[in-house]
Amino acid sequence: MELLPLLLACSLLFTVATPARDIPSVCASQISDFPHRNSSGLHLTLHHPQSACSPAPLPSDLPFSTVLTHDDARAAHLASRLDTNNDAPPRRPTSLRSKKKAAGHLDDSLASVPLSPGASIGVGNYVTQLGLGTPATSYAMVVDTGSSLTWLQCSPCVVSCHRQAGPLFDPRSSSTYASVPCSASQCGELQAATLNPSACSVSGVCVYQASYGDSSFSVGYLSRDTVSFGSGSFPDFYYGCGQDNEGLFGRSAGLIGLARNKLSLLYQLAPSLGYSFSYCLPTSASTGYLTIGSYNPGQYTYTPMASSSLDGSLYFVTLSGMSVGGSPLAVSQSEYGSLPTIIDSGTVITRLPTGVYTALSKAVAAAMGGAPRAPAFSILDTCFEGQASQLRVPAVSMAFAGGASLKLATRNVLINVDDSTTCLAFAPTDSTAIIGNTQQQTFSVVYDVAQSRIGFAAGGCS
Ligand SMILES: *[C@@H]1O[C@H](CO)[C@@H](O)[C@H](O)[C@H]1NC(C)=O
């Protein structure tokens with residue numbers, strides 16, 4: 001097989017870069033816009049996946065039903081990681097099979113290693129910019145608390161790259177780039193970081209396989225280079241240089257992993273910045289932040305960060321109660337803790353134990369009085385005619401062990417699914433409960449791994 005012409009063909013076919021967009025100046029944010037930010041942390045600007053300010057926004061015509069379909073796949077994937085009875089045969093991306101020949105540049109063993117199923121990434125994930133290499137170039141990346149390895153699409157895209165905003169990262173243009181050999185300890189850590197085995201290329205370079213769903217994954221070379229964020233740069237950051245990337249939406253270049261694992265961005269920067277990060281997830285009409293390191297501890301209420309032997313990389317919390325219009329839901333206390341509960345930045349809709357959800361749905365519908373009901377929409381079954389802002393919506397509050405609470409605003413309770421319908425932004429589950437990002441929007445949330453606690457503070461975004 002002639003490798004060179006094939007590579008060239010692949011590059012021409014798959015590495016179509018689009019020019020970086022000019023971001024409107026109203027999108028620039030000031031530190032004063034974020035009352036909970038501590039100036040000694042390292043700060044990034046966060047954008048809603050559909051914000052006009054995002055460097056890589058989702059298509060504006062993306063149907064909300066598509067967002068919900070992907071959200072359900074993500075929730076199912078997170079749940080499957082905690083399912084002790086999960087003995088379904090692992091699946092791997094079909095394109096790895098069909099493109100096995102093209103992937104011959106990576107090791108052939110790559111195509112015979114099964115990947116676990118997972119959820120599509122990108123649709124619900126917030127977006128930031130990260131600098132990489134020397135000299136540093138900036139890339140639009142989705143931020144994910146549910147996964148660990150950071151990766152981005154990498155030239156020459158041996159198998160496949162999707163269209164991304166701005167040019168691809170080219171390792172040859174960075175004087176500090178190095179690929180990581182299979183013998184390095186970081187290569188051995190990939191199994192825990194990606195939940196897939198690593199592989200070794202014919203030339204002895206460590207190959208990672210990050211998978212998020214049947215059609216969503218990145219495979220490529222484990223690499224290290226200098227990472228930079230406006231105010232600081234860090235040498236020897238380990239990440240994936242993706243040669244086969246499929247399923248990312250919105251033209252992001254890749255993903256930043258913030259889960260609890262040695263290879264995550266948090267753990268790699270923690271020796272200099274501390275083991276904590278905080279964020280405010282904005283609405284599509286505002287901007288938010290991600291801070292690694294210092295936060296203002298006095299401004300938050302806290303709940304213990306629980307952990308689970310089922311998956312040590314996710315962030316667990318203990319939901320202890322919910323109220324609507326000041327009245328506790330009509331369910332027994334034990335229902336709230338009946339399922340493992342994680343907090344996740346990339347899940348759009350909060351999943352509650354079925355009993356809790358049913359009581360919430362009834363209480364909200366009753367409190368909305370005369371609002372005309374609308375038919376169910378996808379996974380959302382408590383819907384009303386009109387837009388959230390036109391309706392009288394009851395106060396909904398979520399309480400967590402230790403006294404932390406989220407006193408939800410209308411935008412955290414109802415989500416507009418089209419021009420004439422709004423729905424309760426919660427859904428039932430019998431497997432893993434998830435505190436999703438619609439409910440977290442505009443709160444500051446701190447993940448303090450050092451002190452094993454998660455904190456909430458209202459009014460975190462501008
Ligand atoms: C900001 O962070 C520093 C270092 O972690 C800490 O000493 C200080 O108290 C924090 N500021 C506030 C207002 O909490």
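Two strands are counted as paired if DSSP finds at least two bridges between them. By that criterion β16 (residues 319-324) and β17 pair, since 2 bridges join them in the antiparallel sense, and V324 stands opposite S327 in β17. The model described here is predicted.

**Annotated active-site positions**

- UniProt, in an unreviewed entry, places the feature "active site" at D144 and D344.
- These positions span 201 residues in sequence, yet no two of their C-alpha atoms are more than 7.9 Å apart, so they gather at one spot.
- D144 belongs to strand β4 (residues 137-144), and 26 other C-beta atoms lie within 10 Å of D144, which is therefore buried.
- D344 sits in the loop between β18 (341-343) and β19 (350-353).
- D344 also counts as buried, because it has 25 C-beta neighbours inside 10 Å.
- Leaving aside neighbours within four places in sequence, the contacts of D344 are with L78, T145, G146, I434, I435 and G436.

**D71 in helix α2**

- D71 is part of helix α2 (residues 64-81).
- The residue is buried, as 27 other C-beta atoms lie within 10 Å of D71.
- Although D71 and I349 are 278 residues apart along the chain, their C-alpha atoms are separated by 7.3 Å.
- Neighbours within four places in sequence aside, D71 is in contact with G124, T347, V348 and I349.

**Ligand shell**

- N38, S40, S294, N296, P297 and G298 surround the ligand.
- Classified by residue type, this shell holds 1 nonpolar and 5 polar residues, and no charged residues.

**Helix α6 and its cover**

- Within helix α6 (residues 265-273), the residues L265, L266, Q268 and L269 are buried.
- Viewed down the axis of α6, the buried residues fall within an arc of 165°, so they line one face of the helix.
- In an α-helix there are 3.6 residues a turn, so residues three or four places apart point the same way.
- The cover over the buried residues of α6 includes β11 (232-246), β12 (254-257), β13 (276-280) and β14 (288-292).

- Strand β13 is mostly covered, with 5 of its 5 residues buried.
- S276, S278 and C280 point one way from β13, while F277 and Y279 point the other way, and all are buried.
- β13 is joined to strand β28 (residues 444-448) by 5 bridges, and the two run antiparallel.
- In this pairing, S278 stands opposite V446 in β28.
- β13 also pairs with β14 in the antiparallel sense, over 4 bridges.
- Here Y279 stands opposite L290 in β14.

**Backbone geometry**

- Most residues other than glycine have a negative phi, and most peptide bonds are trans.
- T134 and P135 are joined by a cis peptide bond, with omega of about -5°; P135 lies in the loop between β3 (127-132) and β4.
- A cis peptide bond also runs from S155 to P156, where omega is near 10°; P156 lies in the loop between β5 (151-153) and β6 (164-165).
- L195, a residue other than glycine, has a positive phi near 65° and lies in the loop between α5 (190-194) and β8 (199-200).
- L195 is buried, because 21 other C-beta atoms lie within 10 Å and the cut-off for burial is 20 or more.
- D236, in strand β11, has a positive phi of about 55° although it is not a glycine.
- D236 counts as exposed, because it has 12 C-beta neighbours inside 10 Å and a residue is exposed at 12 or fewer.

Key. Residues numbered from 1 in each chain as written. Predicted model: local features only at pLDDT ≥ 70, side-chain atom pairs only at ≥ 80, totals over all residues. Arc of directions from axis to C-beta. Contact = placed C-beta atoms within 7 Å. Near = placed C-beta within 6 Å. Nonpolar A, V, L, I, M, F, W, Y, C, P; charged D, E, K, R; others polar. UniProt positions renumbered as here; feature names shortened; annotations may be inferred.
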